[in-house]
There are 2 protein chains.
Amino acid sequence: MTEFREGDRIRVRKGTERGEVVYEGQCPPTVSRTLVIKLDSGYNIGLTPEHVEIEVISRLGSGKGKEGMDEVVEKKGEKGRVREERLPVLSILSTGGTIASKVDYRTGAVSPQFSTEDILEAIPELGNMATIRGKVVYSILSENMRAAYWKKLAAEIYNEIKNGAEGIIVTHGTDTMGYTAAALSFMVRTPVPIVLVGSQRSSDRPSSDATMNAICAAKVATSDIAEVVVVMHGSTSDDFCFIHRGTKVRKMHTSARDAFQSINDVPLGKVYYDASDIRALRIERCSTYKKRGQQELELRDTLEERCALIKFYPGADPGMLECFVELGYRGIVLEGTGLGHVSAEWIPHVASVVEQGIPVVMTSQCLYGTVCDRVYDTGRDLLHAGIIEGEDMLPETALVKLMWVLGQTTDMKEVRALMHENLMGEIKGRRVKE
Amino acid sequence: MTEFREGDRIRVRKGTERGEVVYEGQCPPTVSRTLVIKLDSGYNIGLTPEHVEIEVISRLGSGKGKEGMDEVVEKKGEKGRVREERLPVLSILSTGGTIASKVDYRTGAVSPQFSTEDILEAIPELGNMATIRGKVVYSILSENMRAAYWKKLAAEIYNEIKNGAEGIIVTHGTDTMGYTAAALSFMVRTPVPIVLVGSQRSSDRPSSDATMNAICAAKVATSDIAEVVVVMHGSTSDDFCFIHRGTKVRKMHTSARDAFQSINDVPLGKVYYDASDIRALRIERCSTYKKRGQQELELRDTLEERCALIKFYPGADPGMLECFVELGYRGIVLEGTGLGHVSAEWIPHVASVVEQGIPVVMTSQCLYGTVCDRVYDTGRDLLHAGIIEGEDMLPETALVKLMWVLGQTTDMKEVRALMHENLMGEIKGRRVKE
């Protein structure tokens, strides 16, 4: 291998399925398993040194260089045919979480410490699938995620797409990934894939799911699925990932690798994975979805953060509703029992909250199935009190949607109409009968 | 068929698998599909007129009668062998819910209107499986169930068993059946089966699951499984019911017939059902359980009702903890994210609540999997703040258990120890590694 050191400008030739690709850029401080080059655009790309041909263009301090381009210049395709081709441009936005974590051997605990560069170093295959840009937006454990952070993240995604990203990967802690996926679904109308990915086991553990999840995420981010999706292990084996619609996905296990599940809907698809042959990656579509370029990029990031999710249980004191009103909440999602119930003594309290101009949305703690308040007395009394039926929305998605809807309008008629409308695939029951 | 009318004393002979059984009692006001006789014990039994031989002993007002016995007197067994045998005595305690409901054709809504007598009338097969005693304890929709009602129900069950019931069936609305099953598990140490059963579709609808669920429940109530269990459809077909342990079961669908699932444990067993042949009923055991007569009957029904279940979500205001303290709550169960997390800003609030002598138990909104607060910083900080890990308990079961534990002791060390102890099968992780 050609010798080079930090700061050298180098040219790297890489054979791909579709021909040869050339990158130029500056050599970073460290070269370990992966070669991470800083391209002139400011983005980083990760490559496996053994799989590429490296040429030093200029040594650090030689005054030369910078004349090259970021990427591209295809040479010879397979079978000698010459054609222009390039890898798609993906932006990886890191927010923290286990996929960006490693075990602290001092404490035995896991904490987020990796930058995007570290992710590229850990998963060099990503560099063979796309031209990777990277940015650390947050380095937080996802239980600390909140509406204000969604706004910044949505704006960063918007800017990346505006600046030419052909797909977005958001690395995210798994704890609240479902909430963030729902939030981004409403906040960003996207012409390209926006893929949230995480891992249940940190990447320095043998059982880590980080690599496979990230590679499958990159496959989806370079596909034609222009929606906000979550890509995570689909089984306990390393054979496929599911592509879950962002408004229908939920973490359903504290630790299993196949923790994420689509609720009340089939996943959009699967990504078949074979660790021994990265070219065998294959997407199987299971549902309809918005296609790449189908809609214009748009950022609608105003949220009303003061929305509460309240789970009902036998004997729950309806006085807690007043607590939330006093704390300044502007919208409430109830997680009722069964078809969408609370005890009879709650009904006048619900009516009072609604009368104060605070919408109350009913979802079900069953998670599966559709809310229907027309079957039993309690439900009909709740409808009379002004409750908005959450249809088959996840309680978490209904919460995020209510935050977003109240960010668009405070007119209660419009709020009600928008909550009932299937905006981003969050209401399945509207289209397909159970 | 012999003619008889209200108030007549009649003797009914019924062929069973094990020979002939004779009942004597008073004819009720109405005879429809089912013949319901009032036995001298005051209990009712339901029989199918076509399947029995009826003899009038005395007409109403004739002054005769009352000399007979409640039941028994076996005549000829199969193959002509004569032997003494009797049906087991089951008590059906009705609390309301869909299994005891019918559609109000005026409003189109479903409301609970049936008495135990009505259930027997609707499901005559029950009378062929056991000598049925019946009592209406409540006629409520189960979202109105609460701790105070659990106490009365537990006391009624206790009395029934004390008075010779060899099995208990509790008909219950499905909305909060899981909570009640968990509550009864802790409140009644039972030497006989206590089976909760309900239906997702009312019994006058063609798709009703009431009959099959009730028959399977009776099968379990006459079995050797001396635990509090929920018996409900195991699939969308009418082929089997699951027997779920009361502390591990959850309603997981708003309307499907197979809504009930055991979480973090396998069901105790299955009851195979064939509508065309009631004798084909068969229990398949899938787990270990307490056997009939293994433990002494005991009622421990003191509960601390002021316990709250709070679900965390991104940006949730920790100020709500103070609300619950001000409302007089004495225990709190948190439904955190992932392995058992809340945001960092919650931690001092949790510590403050614990310092006030209010235990805080952490469960996971994932539902599946085990809470483990030793992996991430947040969890370790929560442990330091005094949180009690809820292991793999359902949030709902942890809430009910905390109510029960605080009814036994207010010593925080004991509370902590009891919450960690697997008392009634509510903690599976303690015994079987994931």
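Is A:Asn213 buried or exposed? I looked this up before anything else.

**Entry 1: ground rules.** I am working on a predicted model, where local features need pLDDT of at least 70, side-chain atom pairs count only at pLDDT 80 or more, and totals for chains, interfaces and linings use all residues. Residues are numbered from 1 along each chain as its sequence is written, chains are lettered from A and ligands numbered from 1 in the order in which they are written, and side-chain values use heavy atoms, with hydrogens and water left out.

**Entry 2: A:Asn213.** I found A:Asn213 at 0% relative accessibility, so it counts as buried. (Buried means under 20% relative accessible area, exposed over 50%, partly exposed in between, with a 1.4 Å probe and protein chains only.) A:Asn213 sits in helix α5, residues 210-221 of chain A. I then listed its contacts, leaving aside neighbours within four places in sequence: A:Val197, A:Gly198, A:Ser199, A:Val231, A:Met232, A:His233 and A:Cys241. (Contact means heavy atoms within 4.5 Å.)

**Entry 3: chain A overall.** I count ten helices and 23 strands in chain A. (These are DSSP runs, helices H or I of at least four residues and strands E of at least two, numbered from the N terminus.) Chain A has 434 residues, and 62% of them count as buried. Of its contacts with a separation of 6 or more, 69% join residues 24 or more positions apart. The accessible surface comes to about 16,000 Å², with 47% belonging to carbon and sulfur atoms. (The areas come from the Shrake-Rupley method with a 1.4 Å probe.)

**Entry 4: α4 on α9.** (Axes are lines fitted to C-alpha atoms over the stretch in contact; angles run from 0 to 180 degrees between N-to-C directions.) From α4(A), A:Tyr179, A:Ala182, A:Ala183, A:Phe186 and A:Met187 take part. They meet A:Glu396, A:Thr397, A:Leu399, A:Val400, A:Lys401 and A:Trp404 of α9(A). I sorted the residues of this contact into eight nonpolar, one polar and two charged. In chain B, α4 and α9 also pack at about 35° with their axes 9 Å apart.

**Entry 5: the two copies.** I laid chain B on chain A.

How values were computed. Ala, Val, Leu, Ile, Met, Phe, Trp, Tyr, Cys and Pro count as nonpolar, Asp, Glu, Lys and Arg as charged, and the others, Gly among them, as polar.
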